[in-house]
Amino acid sequence: MAKTVVIVGGGWAGTAAALAARKTGCEVVLLERADMLLGTGLVGGIMRNNGRFTATEEMIAMGGGDLFEICDANARHKNVQFPGHKHVTLYDVSTIEPAVKKALLAAGVKLHLKSRVRDIVVDNGRITKVIADTLHSDQVLEISGDAFVDTTGTAGPQGNCMKYGNGCVMCIYRCPTFGPRLSIAGKAGIKEVIGEKPDGTLGAMSGSCKLHKDSLSTEIREELELTGVCVIAIPPSLQKSMDTLSQKACQQYALKEFAENIILLDTGHAKLMSAYYPLDILRQIPGCTNARFEDPYAGGIGNSMRYFGMLPRNNALKVTGLVNVFCGGEKAGLLVGHTEAIVTGTLAGHNAGRFSLGADLLELPAALACGDAISHVKEMMQTKEGLTKKYTFSGANYFKRMLDNNLYSTDIAAIKDRVETAGMTGILKNPPPVKEGDAS
């Protein structure tokens, strides 16, 4: 009888987990509260910048690169540079979600959109079933599984944005319509971990917002579409202080260039590399006289607040305190970005499949950037100071660690060799070896 892995949350981590779990041979069910997959990936778009290039190629070599290849295939621009970031790929936010959904369906993943989990059934430390309401329907879904993956994220509900941010600014999470996230591990009694800012306040604000491209000047639009990047000097009298950059989740962009310039990237929208920007000030900047926000709609006021619901876990991404639950994305710790979500989601889904089949769980070795990041973040989150930092392959503290440990490379052949030396080539691509008598 086939084993079933149930994944709750359809962002980058959840979709990665679904594809990875299917490769183990398990049946896979994915539930997503909204009407589209990818979550912040619907308005994101930055891939392969700095150490993310290395992580991407490691995952491809290990057989877990499906979503990265989809991003490459849906790129608007490749090998872009902007302050502090090299060899960047910018995917098209208008085409990426349908492409990912198509890949999931082709792989045989059973999708339930507009399906918000509201309850679970637990037996001796195991989740055995999730119960979900379907939007605009009287149908209640009750889905049993052998293993579960919590990729529900760490943002929302609206109350967190009101209490710790500048209020609900109507972001891509769309909590008023689809309701807040519900962590299945949290519902099972696991105490979630809350990130902090250096000043001791809780959470972190999403690090970028999006402008309607047609609301910008012709010159800006043409430069964006030609090169993927437009850097506009801010008149000194209008510049933000460096202090305003410390509230961002994305600390790899907390550089003085981002205080002294408007930095726009072309992802279909004009991605503004700032958590928010007062509209009356933005419209005084050359070329932005008619600027209008696309996400969040009130991007002149604030942005979504995140990192309120991380989970304790081991380096196989199994949740501490539960027998059969794994986690990926922001649930797995203070890792920031799409690449980081895909890496952790892939390992969580793969190990959920391994657990269901009775195979040994997999930890990625620290000789690889992907493995080192997972273990390093776990270690750092045991300290109060570590909880005030964010970690990403693309900059700030963790990219420096990659450089110091010689983990960063853009040499694809060398990355493949390192993966092979670690014994990890193709390990995520096929069903795992199962001990005799363990699978049924």
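This report describes selected strands, helices and single residues of one predicted model.

## The sheet of strands 3, 5 and 4

Three strands make up an open sheet in the order 3-5-4, and the pairing between them is antiparallel. Strand 3 (46–47) and strand 4 are the edge strands, each of them pairing on one side only. Helix 3 packs on this sheet, where it touches strand 3, strand 4 and strand 5, and the direction of the helix makes about 90 degrees with that of strand 4.

The pairing of strand 3 with strand 5 (residues 85–91) is antiparallel and extends over 2 bridges, and within it I46 stands opposite L90 of strand 5. Strand 4 and strand 5 form a hairpin that has 2 residues between the strands, and G84 in the turn has a positive phi of about 80 degrees.

## N74, between helix 3 and strand 4

The loop that leads from helix 3 (66–73) to strand 4 (75–82) holds N74. Is N74 buried or exposed? Its relative accessible area is 16%, and because buried means under 20%, N74 counts as buried.

The side chain of N74 is joined to that of T95 by a polar contact of 2.8 Å.

## Strand 10 and its parallel partners

Strands of a sheet pair through backbone hydrogen bonds, in either the parallel or the antiparallel sense. Which sense is found where strand 1 (residues 4–8) meets strand 10? The two strands pair in the parallel sense, over 4 bridges, and V6 has F148 as its bridge partner in strand 10. Strand 10 is also joined to strand 18 (residues 325–327) by 3 bridges, and these two strands run parallel. F148 stands opposite V325 of strand 18, and F148 is likewise the partner of V6.

In a regular strand the side chains alternate between the two faces of the sheet. In strand 10 (residues 147–150), A147 and V149 point one way while F148 and D150 point the other way, and all of these residues are buried.

## The packing of helix 1 on helix 11

Two packed helices are described by the angle between their axes and by the distance between those axes. For helix 1 (residues 12–23) and helix 11 (residues 338–357), the angle is about 35 degrees and the axes are 7 Å apart, and the crossing is right-handed.

Helix 1 contributes W12, A13, A16, A17, A20 and A21 to the contact, and helix 11 contributes H338, A341, I342, G345, T346, G349 and H350. By class, the residues of this contact are 8 nonpolar and 5 polar, with no charged residues.

C168 is placed in the loop between helix 5 (158–164) and helix 6 (175–178), and with a relative accessible area of 29% C168 is partly exposed. Neighbours within four places in sequence left aside, C168 is in contact with Q158, C161, M162 and P176. Although C168 and G302 are 134 residues apart in sequence, they are 8.1 Å apart in space, C-alpha to C-alpha.

T218 lies in helix 8 (residues 218–227) and counts as partly exposed at 39% relative accessibility. T218 and L67 are 151 residues apart in sequence, and their C-alpha atoms are 33 Å apart in space.

How values were computed
Residues numbered from 1 in each chain as written. Predicted model: local features only at pLDDT ≥ 70, side-chain atom pairs only at ≥ 80, totals over all residues. Heavy atoms only, no water. Buried < 20%, exposed > 50% of the residue type's maximum accessible area, 1.4 Å probe, protein only. Polar contact = N/O pair within 3.5 Å; in protein donor to acceptor, adjacent residues only side chain to side chain. Axes fitted to C-alpha atoms, helices over the stretch in contact; angles between N-to-C directions. Left-handed = near helix turned anticlockwise from the far one by under 90°. Contact = heavy atoms within 4.5 Å. Nonpolar A, V, L, I, M, F, W, Y, C, P; charged D, E, K, R; others polar. Pairing = 2+ DSSP bridges.
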